[in-house]
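Dear colleague,

Please find the structure below, followed by a short account of what was found in it. I would be grateful if you could read the two side by side.

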Amino acid sequence: MASLLTPAERAQVLASLDGWTDAEGRDAIVKTFIFKDFSAAFAFMTRVAMMAEKMNHHPEWFNVYNTVDVVLATHDAGGVTGLDVKLANFMNLITQD
């Protein structure tokens, strides 16, 4: 099982993860992605879904038209772990393409 990030690790990670913030009221990180249209948002979700399956680590997300709201936490560990950081970095990377 993945280990929870320490408060210091979490602060360092959030400082380096563009656009990600602490979730209010729970041990998770969040970000809203906005795309040019629904197709771009859906393509993003498809790419993330493929990576999430490889990692066996799945995001919580909500999509309306061109917007994807993402919440990342490792449920088995009860909060944010390195798995969440890896998936968040991947999401940021593919939106820079």
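In which handedness of crossing, left-handed or right-handed, does α2 pass α3? The crossing of α2 with α3 is right-handed. Please note that the model is a predicted one.

Helix α2 covers residues 38-55 and helix α3 covers residues 82-94. Their axes lie 10 Å apart, and the packing angle is about 150°. Because angles over 145 degrees count as roughly antiparallel, α2 is roughly antiparallel to α3.

On the α2 side, the residues that take part in the contact are F44, R47, V48, M51 and M55. They meet L83, K86, L87, F90, M91 and I94 of α3. By class, this contact comprises nine nonpolar residues and two charged ones, with no polar residue.

I turn next to the pockets. The largest pocket has a volume of about 150 Å³. Its lining consists of M1, A2, N56, H57, H58, A73, T74, H75, D76 and L83. Of these lining residues, four are nonpolar, five are polar and one is charged. L83 belongs both to the lining of this pocket and to the α3 side of the helix contact.

With kind regards

Definitions and conventions
Residues are numbered from 1 along each chain as its sequence is written. This is a predicted model: local features need pLDDT of at least 70, side-chain atom pairs count only at pLDDT 80 or more; totals for chains, interfaces and linings use all residues. Side-chain values use heavy atoms; hydrogens and water are left out. Axes are lines fitted to C-alpha atoms, for helices over the stretch in contact, and angles run from 0 to 180 degrees between N-to-C directions. Helices (H or I, at least four residues) and strands (E, at least two) are DSSP runs, numbered from the N terminus. Angles under 35 degrees count as roughly parallel, over 145 as roughly antiparallel, 65 to 115 as roughly perpendicular and the rest as oblique. A crossing is left-handed if the near helix is turned anticlockwise from the far one by less than a right angle, and right-handed if clockwise. Contact means heavy atoms within 4.5 Å. Ala, Val, Leu, Ile, Met, Phe, Trp, Tyr, Cys and Pro count as nonpolar, Asp, Glu, Lys and Arg as charged, and the others, Gly among them, as polar. On a 1 Å grid over the protein atoms alone, a cavity is a set of points where a 1.4 Å probe fits but cannot get out, and a pocket is an open set with protein on both sides within 12 Å along at least five of seven lines; lining residues have an atom within 4 Å of a point. Grid points are joined across faces, edges and corners, and a volume is the space filled by probe spheres set on the points.
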